[in-house]
Amino acid sequence: MVVRRPRHIPIRSCVVCRESSDKRRLLRVVRLPEKAGGVVQFDPTGKLAGRGAYVCADEKCIALAHKQKRFERALSVTQDKMSVDLFDRLRSSKGEDAGGADSISELTSNPVLSNE
Ligand SMILES: [Zn+2]
């Protein structure tokens, strides 16, 4: 199998700080193909097909990526294509190898009291 090297080699680097060192764990975010909805979501397995972008497993980079819409820019998407829980999932993934005792997020939905 011949490995071709195109001029533009995609480098796994953080969309915020551009760090690409192997020491820092990078979390993959993927834009699914159009036929799959073109949605941008967290890819914990790193195996999903689509265009990928990366962010450090670091609170600061995740927060900045969110604030500055780095994934939208990196993947050429509009905000409505962003998975709503993307950043929550990135944050919880970031912490999973640093203890992870209380990984259950308290996303209790407000019960609608319609019969009162
Ligand atoms: Zn970073």
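In what sense do strand β1 and β2 pair, and over how many bridges? Strand β1, residues 26-31, pairs with β2 in the antiparallel sense, and three bridges join the two. The account below describes a predicted model.

## Overall organisation

The protein chain contains three helices and three strands. Along the sequence, these elements follow the pattern β-β-β-α-α-α. Of the 116 residues in the protein chain, 21% are buried.

When contacts between residues at least 6 apart in sequence are considered, 59% of them join residues at least 24 apart.

## The sheet

The three strands form an open sheet with antiparallel pairing, and their order is β2-β1-β3. Strands β2 (40-42) and β3 (51-56) each have a single partner strand and stand at the edges, so one side of each has no neighbour in the sheet. On average, neighbouring strands of this sheet are turned by 30° against each other, direction ignored.

Towards β2, Val-30 has Gln-41 as its bridge partner, and Arg-31 is bridged to Val-40. The pairing of β1 with β3 is likewise antiparallel and extends over six bridges. In that pairing, Leu-26 has Cys-56 of β3 as its bridge partner. Strand β1 is mostly covered, with five of its six residues buried.

## The nonpolar core

In soluble globular proteins, nonpolar side chains tend to be buried together. In this model, the largest nonpolar core comprises 20 residues. Cys-14, Val-15, Leu-27, Val-29 and Val-55 are the residues with the most contacts inside this core. At least two core residues come from each of β1, β2, β3 and α1.

## Helix packing

Helix α3, residues 86-94, lies across β1, β2 and β3 and runs at about 20° to β2.

Two packed helices are described by the angle between their axes and the distance between the axes. For α1 and α3, the angle is about 175° and the axes are 10 Å apart. Angles over 145 degrees count as roughly antiparallel, so α1 is roughly antiparallel to α3. Helix α1 contributes Glu-59, Ile-62 and His-66 to the contact, while α3 contributes Phe-87, Leu-90, Arg-91 and Lys-94. The residues of this contact comprise three nonpolar, one polar and three charged.

## Residues with positive phi

Most residues other than glycine have a negative phi. Arg-18 has a positive phi, near 65°, and is placed in the segment before β1. Is Arg-18 buried or exposed? Arg-18 has 8 other C-beta atoms within 10 Å; a residue with 12 or fewer counts as exposed, so Arg-18 is exposed.

Lys-69 also has a positive phi, near 55°. Lys-69 is located in the loop between α1 (59-67) and α2 (70-75). Lys-69 is partly exposed, because 15 other C-beta atoms lie within 10 Å.

Technical notes. Residues numbered from 1 in each chain as written. Predicted model: local features only at pLDDT ≥ 70, side-chain atom pairs only at ≥ 80, totals over all residues. Pairing = 2+ DSSP bridges. Helix = DSSP H or I, 4+ residues; strand = E, 2+ residues; numbered from the N terminus. Axes fitted to C-alpha atoms, helices over the stretch in contact; angles between N-to-C directions. Contact = placed C-beta atoms within 7 Å. Parallel < 35°, antiparallel > 145°, perpendicular 65-115°, else oblique. Nonpolar A, V, L, I, M, F, W, Y, C, P; charged D, E, K, R; others polar. Core = buried A, V, L, I, M, F, W, Y, C linked by C-beta atoms within 7 Å.
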